Each structure stands twice: as C-alpha cells, then as structure tokens.
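User: I have a model open and a few things to ask about it. Can we start with how the helices pack?

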Amino acid sequence: MFTVGLTGGIGSGKSAAAARFRHHGVNVVDADRAARTVVEPGRPALVAIAEHFGAEVLLADGNLDRAALRKRVFDDPAERRWLEELTHPLIREEIVTALAASPQTHSAPYAILESPLLIESGQSALVQRICVVDLPELTQLERASMRDGNDPEQIRKIMAAQMPRAERCAKADDILDNDASLAELEAQVDKLHARYVVLASQYQSL
Ligand SMILES: CC(C)(COP(=O)(O)OP(=O)(O)OC[C@H]1O[C@@H](n2cnc3c(N)ncnc32)[C@H](O)[C@@H]1O)[C@@H](O)C(=O)NCCC(=O)NCCS
Ligand SMILES: Nc1ncnc2c1ncn2[C@@H]1O[C@H](COP(=O)(O)OP(=O)(O)OP(=O)(O)O)[C@@H](O)[C@H]1O
C-alpha cells in the first residue's frame, strides 16, 4: 500500500498531525508505540537491556524505567547506539506487521508511518514519500519541555541526537509548517490528505 512517512523532531507536532490523518480513516502506525511494545516485560529485548544497563533501569514491577534509561542513553551516545542496535530491527518488524494490516482495518487508500527517526533509522525505505512537520527549534524546545515536564537541557540533548532541521527539511517531499495554531496544522493536513488519495490511486495503477 502507498505509505507516507511522517517525521519531525521531538515535540514537533507529529502526533497532532497524525490525529488529523486518523480522522480521515488513515492507518497511522506509530514508531514510538512500536518501540514501547518491543521492550514490554517478557520480551527478550528487556532482558538484554537489564543485563547491559543493570537492574536500576527496571521498575519494581518489572517494567522498563523509561526515565532512568532516557537519562543513561541521552547522556552517552555510545549507550544510545547500543540501545538502537538492539531495538531498531525489532521496531521495524512491528512496523511492517502493523502497516500490512492497513487494507483490512482502515478505509483510506494509503497508510502513514509516524516516526521521529524515520530518516536516521532507515525506516524511510518502507515509505514512498516523506512528510516533515517543521517548526523553529526554539518553539520545538518550548513545546516539548512543556508537554513532558522535562527540563529543557534533557530535551536539548534529545534534539542533538536527531537530524538537524535543515537536513530533515531537505529530505522532505512535503512540509507541514507547525509554527502557527493547531487549526492551521489541521487545514494543511486536510489538503495533503486529498493529495495523498490521488497519489495512492496512481501508485496502485502502476
Ligand atoms: C530511551 C527511551 C527508553 C526513553 O523513553 P521515553 O518514554 O522517555 O521516551 P519516548 O520513547 O516516548 O520517546 C520520546 C521521544 O524521544 C525521541 N527519541 C527516542 N529515542 C531516540 C533515539 N534513539 N534517538 C533520538 N531521539 C530519540 C523521539 O523524538 C521520541 O518521540 C526510549 O525513547 C527508547 O527506547 N528509545 C530507543 C528506541 C528508539 O530509537 N525509539 C525511537 C522511535 S524508532
Ligand atoms: N500548532 C500548535 N500550537 C500549539 N501547541 C501545539 C501545536 N502543535 C502541537 N502542539 C503541542 O506541542 C506538544 C508536542 O506536539 P506533539 O505531541 O504532537 O509532538 P510529537 O512530534 O508527536 O512529539 P514526540 O515525538 O515527542 O512524541 C503537544 O503538547 C501538543 O499539544
């Protein structure tokens, strides 16, 4: 099925845009959600993480202590890469399965893969088109800090582990400008949706 990759840095507005695509009946597969699934208790990845980082990255109930692991990996690029090498292939498998369900579960003729690391992780090979949610980095930092209650320094470290704004925009086929209101973002999504319906039918007749 024709698939669009929806990307943007932390707090850029991917989830807000995704919600509007879902409103149009689109199957939106969320890479962050897949990332949480692969480290659920009982999954081999969680055992490997606990062996590598120690029991301090586990909560008393056996779940991953996400805040503890976040601190470890965004303070140390080598540890982040170790975690990515373990989880990214598993995340990709989850995504492929979820995308394959689109025609049976959703009415829209195309699917969306929402992923903060679409380009960095090579997940862009799974999509036919890239849509970037773009905004100035300072606004991104403010919105992400406010939403997560995280200190801006930690958000800055996460942003530093992601592709710079200009590089990401250079890879985009479409750009959603999220420097204005949510209503304006939704209006842009509505226009893109109409375009993607046309592109999906052209893709199917190839
Ligand atoms: C480090 C972890 C445990 C922190 O969990 P936490 O609940 O605090 O954050 P969450 O998973 O919701 O991610 C929040 C945001 O951080 C950013 N982010 C997450 N992982 C990464 C990474 N490896 N590199 C750059 N940015 C990242 C993304 O913008 C994401 O939307 C978690 O992010 C993780 O397991 N990351 C490794 C897997 C991964 O790369 N996921 C990104 C989607 S493919
Ligand atoms: N146009 C906007 N105006 C004001 N606030 C916005 C706008 N777009 C998004 N937000 C808010 O900014 C925050 C980040 O948006 P959102 O959660 O959609 O980003 P995201 O890209 O999905 O982030 P992440 O990758 O971290 O999950 C949220 O609190 C959201 O409500």
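User: How do α4 and α5 sit relative to each other, at what angle and how far apart are the axes?
Analyst: The angle is about 120° and the axes lie 6 Å apart, so α4 and α5 are oblique to each other. Axes are lines fitted to C-alpha atoms, for helices over the stretch in contact, and angles run from 0 to 180 degrees between N-to-C directions. Angles under 35 degrees count as roughly parallel, over 145 as roughly antiparallel, 65 to 115 as roughly perpendicular, and the rest as oblique. Helices (H or I, at least four residues) and strands (E, at least two) are DSSP runs, numbered from the N terminus.

User: Which residues make that contact?
Analyst: R72, V73 and F74 come from α4, and E79, R80 and L83 from α5. Contact here requires C-beta atoms, placed from the backbone, within 7 Å. By class, the contact of α4 with α5 has 3 nonpolar, no polar and 3 charged residues. Ala, Val, Leu, Ile, Met, Phe, Trp, Tyr, Cys and Pro count as nonpolar, Asp, Glu, Lys and Arg as charged, and the others, Gly among them, as polar.

User: Before I go on, what are the ground rules?
Analyst: This is a predicted model: local features need pLDDT of at least 70, side-chain atom pairs count only at pLDDT 80 or more, and totals for chains, interfaces and linings use all residues. Residues are numbered from 1 along each chain as its sequence is written, while chains are lettered from A and ligands numbered from 1 in the order in which they are written.

User: OK, ligand 1. How many residues surround it, and which are closest?
Analyst: There are 20, and the closest are I10, A35, R66, R70 and P116. A residue is near a molecule if its C-beta atom, placed from the backbone, lies within 6 Å of it. Two or more residues of the shell come from each of α2 (31–37), α4 (66–74) and α5 (77–100). The most come from α5, with 5 residues. The shell divides into 11 nonpolar, 4 polar and 5 charged residues.

User: And which come nearest to ligand 2?
Analyst: K14, S15, A16, R143 and R147, out of 17 residues around ligand 2. Elements giving two or more residues to that shell are α1 (14–23), α7 (137–148) and α10 (182–204). The classes there are 6 nonpolar, 7 polar and 4 charged.

User: Is R143 buried or partly exposed?
Analyst: R143, in helix α7, counts as partly exposed because it has 18 C-beta neighbours inside 10 Å. Buried takes 20 or more other C-beta atoms within 10 Å of the residue's own, exposed 12 or fewer, and partly exposed is in between, with C-beta atoms placed from the backbone.

User: Switching to the sheet. What is the strand order?
Analyst: The order is β2-β3-β1-β4-β5, an open sheet of 5 strands with parallel pairing. Two strands pair if DSSP finds at least two bridges between them. β2 (27–30) and β5 are the edge strands, each pairing on one side only. The average twist from one strand to the next is 25°.

User: What about β4, how enclosed is it?
Analyst: Largely enclosed by the rest of the structure, because 5 of its 6 residues (129–134) are buried. β4 pairs with β1 (residues 2–7) over 4 bridges, and L6 has C131 as its bridge partner in β4. On β5 (residues 174–177), β4 again pairs over 4 bridges, where V133 is bridged to L176.

How values were computed. Contact = placed C-beta atoms within 7 Å.
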